[in-house]
Structures are given as C-alpha cells and as structure tokens.
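Before reading on, please take a moment with the sequence and the structure shown here.

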Amino acid sequence: MKFKLPDSSELKRLAAELNLTLDDTRAATLLEYMQPIAEGYEFIDSVEDELPVSPWTGRDYYYPEAEENPYGAWLVKCRIKGAASGPLLGKKVAVKDNIFVAGLPLTNGSDILDGFVADFDATVVDRLLNAGAEIAGKTACEYLCLSGGSATSAAGIVQNPRKPGYSTGGSSSGSAALVAAGEVDMALGTDQGGSVRIPACWTGVVGMKATRGVVPFSGGVPIEASIEYIGPLTDTVADNALFLEVMADDGTGAGPDYSSTLGQPPADLRIAVVKEGFGWPSSAAAVDQCVKSAAAHFASLGATVEEISIPGHSTGPAVWGGIVTDGLWQTLKLNGVGFNHEDIYSPAMYAAMRDWTRRITDMPINAALILLLGRYLEQYHGRYYARSKNLARKLRASYDKPLQEYDLLLMPTLVDTAAENPDSLEHASDGRIMQTAFGNTLNTCQFNATGHPAISIPCGQVDGLPVGLMLVGRHHGEQTVYRAAHAFEQSTDWQALSF
C-alpha cells in the first residue's frame with residue numbers, strides 16, 4: 001500500500017484523537033506543509049530495497065520425513081555451499097528457524113508466518129558461508145522463541161537425543177538436538193533469556209552467549225532489541241571458539257582471537273562460585289552437587305575457587321521480565337520487526353506480519369501469558385520497562401564488582417535436569433509448559449540484561465541426563481571463558497560423572 005496524504009476530514013479526526021482542535025483553514029495549511037514530506041515517501045516507495053544479496057546459491061530445500069528427522073529437530077533441510085576455502089571448510093551448520101536464510105522458510109516456531117520466505121541472509125549466515133561452511137538446513141524452535149522447553153513449536157515436539165522422551169530445552173531446541181545427535185558440526189541459536197545455554201545444558205553440548213554486540217543480531221527475529229544474542233552450539237569448546245571467531249569477525253582484518261589460549265592451565269584463574277545460583281526452591285540437590293563438584297575440580301587444577309554472594313542475582317529474573325514483556329509487545333505491534341536498531345530490516349516480514357493477530361490459532365499458554373500481559377501493561381505507559389532498564393544497570397554493576405577481583409563466576413546453567421516431554425502438543429499440560437518455559441531461566445536471563453558473556457558446558461549427569469555448568473566472564477572476556485571451559489572439558493569425561 002503506497003503512501004497518500006489524509007484528506008481534511010481524516011486529519012481533523014486524527015487531531016481530535018490527540019486532543020487538538022483543527023478548523024478547515026488550519027487543516028488545509030497543515031496539509032500544504034505535509035506535501036513535501038509526502039513527496040519524500042513517494043520517493044521511498046519508488047526505489048528498490050537495499051538488501052544484501054548472497055553470492056552463495058543452491059537454495060533448494062525440502063521438509064524431511066520422520067525417518068530422516070527422528071528427533072523432530074529439523075524444519076527443512078538444504079545444502080547451501082559456502083566458499084571453497086576458509087576456517088570452516090567442511091563444517092556443516094544448521095540455522096535456527098528465527099534467523100534469516102535467503103530463499104528458505106522462516107516461521108519463528110509458530111503458524112503466524114506460514115508461507116514466509118526470508119529475503120536475505122542474516123549477517124552471521126553470510127559470515128559462516130564466506131568462511132567455507134555449508135548450511136544444512138533450518139532447525140525447529142519454540143513458539144515465537146518464548147519457551148525454555150521443547151514442546152511448544154508449531155513444527156512439533158523436539159526430543160532429546162541423550163534420552164528420547166525428554167526435553168531438549170529451548171528455545172533453540174532443534175539446534176541443540178542436532179549437535180547432540182552429531183548431525184551437524186555447529187548450530188546457530190538465539191539467546192534472549194538463555195535460549196542457547198538452556199538447550200546446551202539439557203543436551204550435553206556447549207552453548208555460548210557472547211558479550212552484547214560481539215555477534216551482530218541482524219537477520220534474527222527480535223523479541224526485544226537490548227537482550228538479543230545469536231550464539232553457537234557445538235560438541236566441543238574448541239569448535240565453539242572457532243565458530244564464534246568467524247561470527248564475530250567483521251572482515252576488517254582485526255577479528256577476535258578466542259582459540260590461542262586454549263590448552264593453557266587454569267592455575268592463575270580466580271573463580272567465584274555464586275551462592276545465589278544454587279538452592280533455588282526448584283533446584284535439584286543432585287544438580288547443585290554436580291556443579292559444586294565441578295568447582296572443586298577447577299580447584300584441583302590449581303585455580304583459586306571461592307564462594308561469594310551476589311544478592312541481586314536472585315531478583316535478576318524480575319528485572320529481565322520487566323524488559324522482555326513490554327519489549328516483546330511493542331515489537332509485535334511493529335509487525336515483529338521493531339524500531340530503533342541498526343540491523344537490516346525486512347520489508348517482506350513487515351508485510352507477512354500484517355494483521356498477525358488474525359492468524360493466531362492455537363497458542364501455547366506461555367506465549368498467551370506474555371502477549372496478554374504486554375497488552376495490559378500499555379496502561380502503565382512504559383513505567384515497568386523504564387524502571388527495569390534502570391535496574392539492569394544496577395544488576396550489571398553487581399556482577400562487575402566481583403569480576404574486578406575474580407576472572408569468572410560459576411553456577412549451574414539450569415537448576416534441574418531435563419523434564420519429560422508430553423506425548424503430543426495436544427497433551428502438553430499448562431503446568432508443564434509453564435515450568436519449562438520460565439523456570440529454566442532462573443540463572444540465565446540475568447546476563448541477557450547485563451550483557452556479560454556466559455557459556456554452558458556439560459559437567460556430569462543425573463539419571464542419564466546432562467547437567468550444565470555456566471561460566472560468566474567480564475565484558476569482552478570470551479577468551480578467558482573459553483580457556484577455563486576448555487581446561488575443564490579436556491581434564492574430565494562428563495558422561496562418566498554421575499550424581
């Protein structure tokens with residue numbers, strides 16, 4: 001629909017809504033002054049959109065049958081070959097279904113975007129292809145990426161390869177499952193409250209959320225611009241560091257180095273075990289025991305390991321919640337693309353999301369809760385978003401202070417092991433969905449609000465289900481995070497550590 005100026009009666013109606021009074025003369029004057037602006041909109045309508053064009057072809061895709069998709073982790077499969085040389089040559093990559101891959105479907109885990117095809121490659125997808133990777137397909141993700149479980153995607157339930165019948169965690173559920181199953185070398189996830197680290201924890205793989213701004217979010221479907229991250233899920237720490245180097249490299253020749261210190265002993269590191277990360281009301285004692293054993297292992301490697309208290313960690317989920325609920329609602333009001341960020345905008349997605357409320361059919365309870373609460377919060381005129389953003393600065397400082405003395409913070413990624421999946425989406429109880437949707441973010445969401453780098457690595461198992469250890473570093477301290485994670489990984493066999 002092309003722009004046209006309102007007529008006099010429409011302008012007076014709009015003015016009345018804003019408590020302004022216009023007579024015919026004043027309306028005519030305003031319309032006259034608006035005419036040059038209207039010509040600017042006409043110019044914008046007349047030119048082509050400035051979207052990136054990928055040189056990498058082969059965009060055919062298909063929906064795999066059940067025998068080729070035993071965990072329900074794939075949305076579509078494809079084979080997009082990247083450069084003939086580069087650090088990722090021969091590496092197969094899967095991309096979460098809220099990240100743009102030109103020519104491939106994007107549903108964001110829901111039925112709202114049925115039929116939508118991405119119109120450009122996300123920046124990180126372009127960087128991976130330029131580095132020689134092959135895109136093997138898109139992965140299932142949770143409904144609007146709003147769940148820490150794996151039973152809300154419109155594509156179906158995603159099963160945990162470590163123990164089918166159990167959740168992978170979410171919302172990057174399919175990405176984690178494919179890495180755990182060994183079907184890809186790396187999968188892209190997005191992390192707005194823990195959605196890379198949560199499924200990494202429950203599937204026993206490595207998941208990294210880097211410092212805010214290290215990896216461009218351009219081409220990811222937003223929830224709220226200030227808490228969004230794209231991150232790698234891999235089988236090993238070394239692979240994770242390599243992929244993050246590529247994802248964070250802007251091509252200026254000054255790319256990051258996260259791999260050169262891998263293999264160095266952690267004897268000079270000071271690690272703080274955060275008391276408040278343990279003993280939540282929903283914490284499993286065996287999980288706490290497993291992670292404390294991992295902390296003791298760092299001490300056996302020569303690191304200084306001490307327990308500290310960060311009281312603000314316990315109220316961090318409330319601060320994050322005040323940002324995400326208002327933020328998501330405002331993003332959806334703007335057709336799911338949002339304003340006020342420097343990322344690439346998709347006009348096609350704006351069009352696809354028009355009248356999105358009319359295309360909602362069955363929405364899981366967690367998504368309905370956030371949308372209804374977001375709509376209700378409009379009467380508070382941004383009060384809770386504004387206060388939460390201010391409190392996020394205080395929360396950030398509460399971690400920065402001990403990180404002046406310590407190199408890393410340590411705590412469980414999740415407070416319990418993987419929950420059982422329901423038999424079907426129809427049989428998923430509201431209580432089960434709500435518990436995994438929000439209960440899994442207790443230790444993770446704080447660092448989306450504060451921007452600190454955080455990694456989840458497997459550190460043991462309980463009843464055959466993985467337990468995740470989370471290490472949090474200083475801003476832009478990814479090299480130290482990877483160094484410590486690698487030292488732990490190389491000196492243990494997590495699958496032999498049962499609690």
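**Charges, overall form and cysteines**

The protein chain carries 37 positive and 58 negative side chains, and the centres of these two sets lie 5 Å apart. The model is a predicted one, and its accessible surface comes to about 20,900 Å², of which carbon and sulfur atoms contribute 52%.

Turning to the fold, the secondary structure of the protein chain consists of 14 helices and twelve strands. Along the principal axes, the C-alpha atoms fill a box of roughly 85 × 50 × 50 Å. The radius of gyration of the protein chain is 23 Å, which agrees with a compact globule, because a globule of 499 residues would have a value near 23 Å. Among the 499 residues, 56% count as buried, and of the contacts with a separation of 6 or more, 77% are between residues 24 or more positions apart.

The cysteines come next. A search of the whole structure finds zero disulfides. Cysteine 78, for instance, is in no disulfide, and the nearest cysteine sulfur, which belongs to cysteine 141, is 15 Å away. With a relative accessible area of 11%, cysteine 78 is buried, because buried means under 20%.

Conventions: Residues numbered from 1 in each chain as written. Predicted model: local features only at pLDDT ≥ 70, side-chain atom pairs only at ≥ 80, totals over all residues. Heavy atoms only, no water. Helix = DSSP H or I, 4+ residues; strand = E, 2+ residues; numbered from the N terminus. Rg over C-alpha atoms; globule rule 2.2 N^0.38 Å. Buried < 20%, exposed > 50% of the residue type's maximum accessible area, 1.4 Å probe, protein only. Contact = heavy atoms within 4.5 Å. Areas by Shrake-Rupley, 256 points an atom, 1.4 Å probe, with all protein chains shown as cover. Lys, Arg positive; Asp, Glu negative; His and termini not counted. Charge placed at Lys NZ, Arg CZ, Asp CG, Glu CD. Disulfide = S-S within 2.5 Å.
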